[in-house]
Each structure stands twice: as C-alpha cells, then as structure tokens.
Amino acid sequence: MKTRACCAGVGAETLIWRIVALCALSVVITSQSYDSISSYFGYSRSFTFSFPEVDLKLEQISGVAGEQSGAQHDQLKMLAMGRPRDKLDLEKRWNTWTTRAAEWRSNPQIQSVDPNWPGRERMHNSLKNGSLWWDEDFETHFLSELEQSQFPTDCKKRHVFAHRSHNAGLLSNVHVFIVPLLIGMLRGFTVLDTTRNGENPTYYGCPLEARNLGCHFNFTSCSIEEFYGNETTYKSANYVTWDYAVIQDEDSFPPRNVTLVEPFRKGRAGVCIDPIMYEDALSYYKVKFWHKLKKKGSGMVGIYGEKDRCTNSRIEPSRLDFLMISMLSGWMLSKTSERVKTIADNIMARYSDESGRPFWRPPVLGIHVRQTDKAREDPFWNKNKKYRDVSDFADKMREMEKEHGFRWPSLFLISDSGTAIESLASVINGGTGNESLSTAGLETVSSSTFPSQNSSNESTSSRKRLIMYDWHSDTHLLDNYGAHNRVPEGLKRESQEHFIATLYIFSRICDYSIVTYSSNVGRFLGEITASQHRLVNPGAMGPVTMSLDNGWGRD
C-alpha cells in the first residue's frame with residue numbers, strides 16, 4: 001500500500017504536527033477503504049487507478065483536517081467515501097456472487113473507484129423519464145401482504161383459487177399465473193396452480209400430482225389435497241373465469257372451499273384471448289389496495305419526470321400493473337427450489353477463484369436470445385423469415401456504450417440455442433460469429449479474459465470481455481430436438497431447473513438487460529431486472545432493460 005505523495009519526501013526536520021496528522025489520515029483512509037476494492041479491479045494483481053474527483057475530495061479533507069473538529073472531519077470523510085461500512089461485511093458482500101452487484105449499486109466507496117460508474121449513471125439517468133419507481137417500504141408492505149395470502153397460518157380457514165395451468169412454456173405459465181395471484185392477494189384468497197391433464201411437456205419429470213408451477217416454485221404452504229371435494233361449481237366443467245372471480249361478492253367464496261379458475265376468458269369463437277389486466281372490476285381492487293397502502297403510510301411510488309401526471313395519491317393503472325407484475329415476478333423467482341440455487345452456485349463457481357471470490361466485474365450486461373421454436377410468434381421472423389442476427393444485440397450494446405461513455409466488462413448470456421450463444425459471444429469479443437467455444441472466449445476462464453493492469457491504455461477492441469453462461473448443461477439440447485416440447489421426459493426436469501438457475505443468476509448479477517419482449521422469457525427478465533432496481537418502464541427502451549422488438553406473445 002502506498003501513502004500519498006504529500007507525505008513522501010517531507011524531511012523529519014520540517015515535519016510539523018499537521019503534516020503528521022494528514023499523512024496518518026491518508027494512510028487510514030487508504031487502508032480501510034481502498035485495498036480490497038482496488039485489488040478487485042486488478043483481480044489478483046495490485047495496481048493503482050487515478051480518480052481525480054476522489055483525489056480532490058480527499059485533498060479537501062486533508063486541507064481542513066487540522067483545523068476542524070472530529071465530527072466535522074467525519075462528515076467530510078463521508079462525503080468523499082460514502083457511508084462507512086463494516087469492512088468484514090463489505091468484503092463478504094463483495095466476494096459473494098449473489099450480493100456483489102447489489103453492493104456495487106449501493107456502495108459509494110466502490111462507485112468512486114470504478115471508471116465505468118459515471119457512464120453507467122449517465123445512461124440510467126438519461127432513460128429514467130417516464131419510469132415508475134417505488135421505495136423499500138412500499139415493496140416490503142406489498143410482499144408481506146402477498147406472503148400472508150400465500151402462507152396463511154391455517155389453510156383451511158382460507159378460500160382458495162385453484163388456477164389451472166395452460167399448455168404452454170414455463171414462463172408463459174408464470175405470466176398467466178401472476179394475474180390470479182394478484183387477484184387473490186387483492187381479495188384475500190390463497191392461489192394454487194393445478195394440473196390440467198398432466199401432459200404438458202413443460203412439467204415432464206415432475207411428480208404426477210405436481211405437474212404445475214408448484215414443481216419449480218414454492219409459492220404457497222397450502223395444497224389442493226387439503227380441500228379435495230370442496231370445489232365450488234358455478235359453470236359447466238366446474239370452472240369459472242377470471243372476470244367472474246373478480247366481480248363476485250365475498251359470500252360467493254366462503255372459507256374451506258376451492259374455486260377452480262380458468263386461465264383465459266373465451267372469445268366469441270371460443271379461442272383464448274388476452275388475460276384481464278385493465279378491467280374495471282380488477283381496477284376496483286387495485287384502487288382499494290392502493291388506498292390501503294396510503295392509509296398505512298406504507299412507502300412511496302412516483303414517476304420520474306412527470307410530476308404533473310403522478311403524485312403519491314394518483315398512479316396510472318397500467319403503470320401500477322407493471323410495477324406489481326415486476327414485484328410478483330421477482331417474488332416468484334425468489335421462491336425457486338434450493339436445488340436450483342445449488343445449480344446456480346455451481347455455474348458461477350467457474351467464474352470465481354479458488355477461495356470463491358468472483359472474477360466478474362460489474363456492471364454486468366444480460367442478454368437473452370430466443371430462437372428454436374419461436375418462429376411464428378417472433379415478429380422479426382414473420383417479417384423476414386429468419387431469426388434476428390445476434391450481431392443486432394452486440395451492436396446495440398456498443399451503441400449504448402459509445403453514447404454514454406462506459407463499457408460493460410462482463411456479460412451473462414441466456415438462449416435456447418447453443419449456436420446463438422457461441423455466435424453472440426464471438427461477435428461481442430470481436431469475432432465473426434462463426435468461431436468455436438474456445439475462440440469465442442467461452443471454453444476456459446483465464447486472466448486474459450479480464451482487463452489487464454494497464455487496461456486504460458489498451459484499445460477497446462483488443463480487450464476481451466468476460467462472457468458467462470450455463471456451461472454446466474448441454475447448451476445445444478433444444479437445437480438438437482428442435483423445440484421445447486420435444487425434449488424427452490427423462491431430460492426435461494433437469495433442463496428446466498438449469499433454465500431457472502440462469503434466470504436466478506440473471507436477477508442477481510445483471511445491471512441491465514437487452515431482450516426481445518415478444519418472448520415471455522425476455523419480458524420476465526425485464527421484470528426481474530426492474531424488480532432489482534425498483535424501477536419499471538413499460539416502453540421498449542428503459543433505464544434497466546431494452547427490447548429489440550415491441551411484440552408481446554406467449555412463450
């Protein structure tokens with residue numbers, strides 16, 4: 001560790017008490033605040049960055065330290081270094097892959113020594129207008145209401161909505177399930193997911209009695225078996241639709257009974273149409289819930305740059321929907337199994353050293369590319385009869401970096417196509433898109449993948465980015481079988497668990513995401529990224545996510 005130049009070269013014969021104090025202060029600040037963080041930026045090597053703004057703040061502290069009281073000096077130190085934190089706790093958060101990104105976003109000490117932080121902030125701030133934000137108190141109250149609804153002290157004292165999964169992909173099922181989950185929370189009912197016929201390939205490998213979302217997410221303590229035989233029937237086939245579930249009075253849903261809820265309303269031709277999201281009946285309960293939050297003083301919500309359109313007493317329903325759905329998606333993912341979290345740990349172990357310290361460097365960009373069997377629901381395919389070239393994602397990344405003056409040093413890639421992952425990794429790191437895993441920078445992790453000690457003097461094109469993905473599974477599984485519903489039952493559950501593990505990793509490490517909203521996966525990733533930042537934007541370009549298309553379709 002080096003002391004500042006103002007201390008070096010001062011002769012003992014001219015050393016006065018103030019200089020001694022300033023030197024000591026400089027050493028204390030440097031040793032307590034910078035060692036671990038600076039070593040991170042060089043990974044296992046020690047080197048020094050020069051940050052004029054931080055240096056200036058520290059010089060201001062040194063210039064007045066001998067004349068100010070201890071309390072005043074502490075205030076100045078906090079301005080320069082941010083809120084003091086316990087060093088051991090900081091080290092633990094920083095050296096744990098699940099908390100590193102959150103620590104980076106919240107710790108001014110780290111931000112002040114990261115040359116990418118100012119540009120990243122410029123990007124986020126330039127895209128915030130129109131975005132809906134909420135604070136921790138609001139989220140805590142919202143999720144506590146949800147937890148009470150889904151984990152009651154006595155399930156048999158509740159009325160239960162039993163939602164029937166439709167025959168589609170996993171995240172299509174999640175998105176459809178979120179609507180009755182929201183209705184249940186707003187009305188005070190517990191919501192379960194039930195098996196339609198046990199033949200949905202999405203749940204192959206799950207126990208026959210749990211071929212639904214409950215196979216992968218622990219979102220309630222109640223089970224349908226506790227209520228067997230108590231189904232309340234209002235229509236033929238013993239099912240009611242969401243609109244009926246919303247508008248009926250409380251007497252229609254007594255405790256100790258189950259109402260079976262269809263996932264979709266039926267159109268005139270008997271085909272499924274979009275689920276209820278903005279109907280008056282549902283709006284009534286959302287407004288009621290909103291006023292309940294206001295009455296309790298439970299947090300704040302607002303819209304950046306639109307003070308004339310939004311106050312704490314008035315939020316547009318569609319934006320409130322997006323906020324709630326983002327929190328519900330984040331909550332659902334938090335309820336994934338310990339097995340999935342173990343898979344995530346194993347994946348991320350490859351991107352850590354022997355002691356478990358992560359190699360990757362924030363900010364991390366997450367990219368999702370949807371291909372294989374998406375063709376008919378992909379607006380780009382419908383127009384061009386081919387999938388979007390992966391270079392479109394890389395071009396957008398570089399365009400944003402150039403505009404805002406920073407660089408994403410690490411990326412996490414998700415795709416149902418191993419070929420797409422390899423091609424995108426190649427293009428991102430300066431290749432043509434046709435290289436193998438090794439030349440694309442995916443096969444091995446070495447120090448050459450990271451910025452070197454003299455990275456500030458290197459051209460951007462000569463530096464490889466660290467590219468992370470699920471190396472632990474067969475990335476070409478869906479390429480080989482051609483579609484999600486063709487994967488053999490013996491491979492399906494493990495494949496789904498690895499997929500959920502990548503979603504979990506994405507939510508923990510990615511600061512920004514580039515996706516396509518025509519995919520349920522892309523939308524879900526946008527929602528969980530928004531949930532991590534407590535910031536949502538329903539448009540295709542936002543402060544935490546951008547979509548290369550505006551389409552919305554089932555998975």
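Student: What do C206 and C215 form?
Tutor: C206 and C215 form a disulfide, with their sulfur atoms 2.0 Å apart. A disulfide here is a pair of cysteine sulfur atoms within 2.5 Å.

Student: Wait, is this model predicted or what? How was it handled?
Tutor: This is a predicted model: local features need pLDDT of at least 70, side-chain atom pairs count only at pLDDT 80 or more, and totals for chains, interfaces and linings use all residues. Residues are numbered from 1 along each chain as its sequence is written, and side-chain values use heavy atoms, with hydrogens and water left out.

Student: Back to C206 and C215. Which hand does the link have?
Tutor: The link of C206 and C215 is left-handed, with -90° about the S-S bond.

Student: Are C206 and C215 buried or exposed?
Tutor: C206 is buried, and C215 is buried too. Buried means under 20% relative accessible area, exposed means over 50%, and partly exposed is in between (1.4 Å probe, protein chains only).

Student: How many disulfides does the count come to?
Tutor: Two disulfides, by this rule. C155 and C222 form a disulfide, and their sulfur atoms are 2.0 Å apart. The link of C155 and C222 is left-handed, with -95° about the S-S bond. This pair links distant parts of the chain, 67 residues apart. C155 is in the loop between α9 and β2, and C222 is in the loop between β3 (190-194) and β4 (231-232).

Student: What do α and β labels stand for?
Tutor: Helices (H or I, at least four residues) and strands (E, at least two) are DSSP runs, numbered from the N terminus.

Student: And C155 and C222, buried or exposed?
Tutor: Both C155 and C222 are buried.

Student: What about C510?
Tutor: C510 counts as buried because its relative accessibility is 2%.

Student: New topic: salt bridges. How many?
Tutor: By this rule, the count comes to 14 salt bridges. A salt bridge is a side-chain nitrogen of Lys or Arg within 4 Å of a carboxyl oxygen of Asp or Glu.

Student: Why would side chains pair like that?
Tutor: Side chains of opposite charge can pair when their charged atoms come close.

Student: Give me one. Where does R120 come in?
Tutor: The side chains of R120 and D511 meet in a salt bridge (2.8 Å, N to O). R120 lies in helix α8 (residues 117-126) and D511 in strand β10 (residues 510-515), so the pair ties together parts that are 391 residues apart in sequence.

Student: R120 and D511: buried or exposed?
Tutor: R120 is buried, with a relative accessible area of 5%. D511 is buried as well, at 2%.

Student: Which residues do salt bridges that share partners join?
Tutor: They join R120, E121 and D511 into one network.

Student: Now the backbone. What joins P362 and P363?
Tutor: A cis peptide bond, with omega about 0°. P363 is found in the loop between α14 (338-349) and β7 (364-369).

Student: So what do most residues do?
Tutor: Most residues other than glycine have a negative phi, and most peptide bonds are trans.

Student: What about phi of K385?
Tutor: Phi of K385 is near 60°, a positive value in a residue other than glycine. K385 lies in the loop between α15 (379-384) and α16 (391-404). K385 is exposed, with a relative accessible area of 58%.

Student: And R534?
Tutor: R534 is not a glycine, yet its phi is positive, about 55°. R534 lies in the loop between α21 (520-533) and β11 (535-536). R534 counts as partly exposed because its relative accessibility is 28%.
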